[in-house]
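This briefing is meant for a reader who is meeting the structure for the first time. Please look over the sequence and the model before reading on.

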Amino acid sequence: MIVLAFSGGGTRAAAFAYGVLEELRDTEVEIGGRRRRLLDEVDMVSGVSGGSFTAAYYALHGDRIFDEFEGLFLRRNVQAALLLRFLNPVNWFRLLSPSFGRSDLAAEYYDREIFDGATFRDLARGPSVDLVINATDLVRGTRFSFRQQALDFICADLSGIPLSRAVAASSAVPGVLTPILLRSYAGTCGFVPPDWIASALVHREDSRRRLRQAKVLESYLDPDQEFVYLIDGGIADNLGVRFTFERTVKDGDLEQTLRSAGIADVRQIVMIVVNAETEPELAPEEGGLISTGLMTLIRTVTGIQTRSTNFETLELVRSSFEAGVRELSKRLGHDVQFHLVDLYFDALPSETERNYLRNLPTSLVLDGEAVDRLRAAGRDLLRESPAMQQVLRAIAELSPR
């Protein structure tokens, strides 16, 4: 089982993730006596903010991404195109509506220029990869993933939702963009929540994590809540991996999670996290002092919070999955392995390249050189990753001699 997680970070994150896809395409392994591309073994791709563009396009079109995505998104000044739409007087009257904002204009642009009107239903014609687009619920302050299991609580159908709208929600940076509103029809479809929610609410001390999840999900059943307000997914989880951990908390253990996914006989679980976090250099100015202007402080504080949360999230996922596979191995009587492949700019051997990539902005426009260097970084880091090399050795050991 291979899971890809593409972090937030605008075009920087999208290009970095694209380079990883290129390397997976060009990496062949032997499985069941046949040579196969490692890309064809990917089961799930999760995306946040900028990474959600790459995740959604690959899940929709598969290998077509390598022919089209650069021109459609990576090498395009999407930021300028959105600004022109915001400044167009024709759209000013539409923006006066309380239920239509700048993110709705962005979703329309993504729909027309990138995703060509595709909805989640259209993923069925893609490479059979499970897609997870992650946003943040502004009211509840929690992660919201575009999954049918989540939409069941508000009696909504995922299949008809445009991919562009999910991506717009995932990348709706507060202040610059407005929340995406998802209408709730809770209480109109006869939906019955799973038994574990009632159990968690009664046995409150058994697991505080499970209790919190139950309380959040129960709140979606309120028929008086007409809308779900969604903003940038990076606020709740900038790596797009917490849904995997939270699902095991909900199910009770890893074995039940794998059974519900129909892959109880899995031997290798591989999670490749493509982390495009940055750390802009704070160089002293004239007089030896570091600038502490408002914008510098905002960028620095936001970066500190993101990096700290990313680290703790990865350690939480690592420790929980490692404990889960140990228990699962005992139950099944054979070895189950978990591999976390964490790709980030600081792992690059070149200080010059590290500093260059770490100082790239979080925006929806980058020059061609930046795109090329990000793609190369994604390819190089995956190829040289000790964790990835361990994965390849483990796959080789499972293949028949």
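How many helices and strands does the protein chain have? The chain, shown here as a predicted model, has 17 helices and ten strands. Of its 401 residues, 49% count as buried, and among the contacts between residues at least 6 apart in sequence, 76% join residues that are at least 24 apart.

**Nonpolar cores**

- The largest nonpolar core holds 97 residues, and those with the most contacts inside it are Tyr-110, Phe-115, Phe-120, Leu-131, Phe-146 and Ile-272.
- Helix α1, which covers residues 10–26, gives the most to this core, contributing nine residues.
- Another core, of 17 residues, lies apart from the largest one, and Val-241, Ile-269, Leu-314 and Leu-340 are among its members.
- As a general background, nonpolar side chains in soluble globular proteins tend to be buried together.

**Leu-131 and Ala-55**

- When neighbours within four places in sequence are left aside, Leu-131 is in contact with Val-45, Ala-55, Ala-56, Ala-59, Phe-120, Leu-123, Phe-146, Arg-147 and Leu-163.
- Ala-55, one of these contacts of Leu-131, is found in helix α2, which spans residues 50–61.
- Ala-55 counts as buried because its relative accessibility is 0%, a value that falls under the 20% cut-off for that class.
- Not counting residues up to four places away in sequence, Ala-55 touches Phe-6, Val-45, Ser-46, Gly-47 and Leu-131.
- Ala-55 and Val-129 are 74 residues apart in sequence, while the distance between them in space is 9.8 Å from C-alpha to C-alpha.

**Packing of α1 with α3**

- The axes of α1 and helix α3 (residues 65–74) come within 12 Å and cross at roughly 170°, which means that α1 is roughly antiparallel to α3, as angles over 145 degrees are classed in this way.
- On the α1 side the contact is made by Thr-11, Ala-14, Ala-15, Tyr-18, Leu-21, Glu-22 and Arg-25, and on the α3 side by Ile-65, Phe-66, Phe-69, Glu-70, Phe-73 and Leu-74.
- Divided by class, the residues of the contact between α1 and α3 are nine nonpolar, one polar and three charged.

**Packing of α4 with α6**

- Helix α4 (residues 78–87) packs against helix α6 (residues 102–113) at an angle of about 125°, with the two axes 10 Å apart, so α4 is oblique to α6.
- The crossing of these two helices, α4 and α6, is right-handed.
- Helix α4 makes the contact through Val-78, Ala-81, Leu-82, Arg-85 and Phe-86, and helix α6 through Arg-102, Leu-105, Ala-106, Glu-108, Tyr-109, Tyr-110 and Arg-112.
- The contact of α4 with α6 has eight nonpolar and four charged residues, with no polar ones.
- Tyr-110 of α6, which takes part in this contact, is also one of the residues with the most contacts inside the largest nonpolar core.

- Most residues other than glycine have a negative phi.
- Asp-116, although it is not a glycine, has a positive phi of about 50°, and this residue is found in the loop between α6 and β5 (130–137).
- Ser-128 lies in the loop between α6 and β5, and its phi is near 60°, again a positive value in a residue other than glycine.
- Asp-116 counts as exposed because its relative accessibility is 68%, and Ser-128 counts as exposed because its value is 63%, the cut-off for that class being over 50%.

Technical notes: Residues are numbered from 1 along each chain as its sequence is written. This is a predicted model: local features need pLDDT of at least 70, side-chain atom pairs count only at pLDDT 80 or more; totals for chains, interfaces and linings use all residues. Side-chain values use heavy atoms; hydrogens and water are left out. Axes are lines fitted to C-alpha atoms, for helices over the stretch in contact, and angles run from 0 to 180 degrees between N-to-C directions. Helices (H or I, at least four residues) and strands (E, at least two) are DSSP runs, numbered from the N terminus. Angles under 35 degrees count as roughly parallel, over 145 as roughly antiparallel, 65 to 115 as roughly perpendicular and the rest as oblique. A crossing is left-handed if the near helix is turned anticlockwise from the far one by less than a right angle, and right-handed if clockwise. Contact means heavy atoms within 4.5 Å. Ala, Val, Leu, Ile, Met, Phe, Trp, Tyr, Cys and Pro count as nonpolar, Asp, Glu, Lys and Arg as charged, and the others, Gly among them, as polar. Buried means under 20% relative accessible area, exposed over 50%, partly exposed in between (1.4 Å probe, protein chains only). A nonpolar core is a set of buried Ala, Val, Leu, Ile, Met, Phe, Trp, Tyr and Cys residues joined through side-chain atoms within 4.5 Å.
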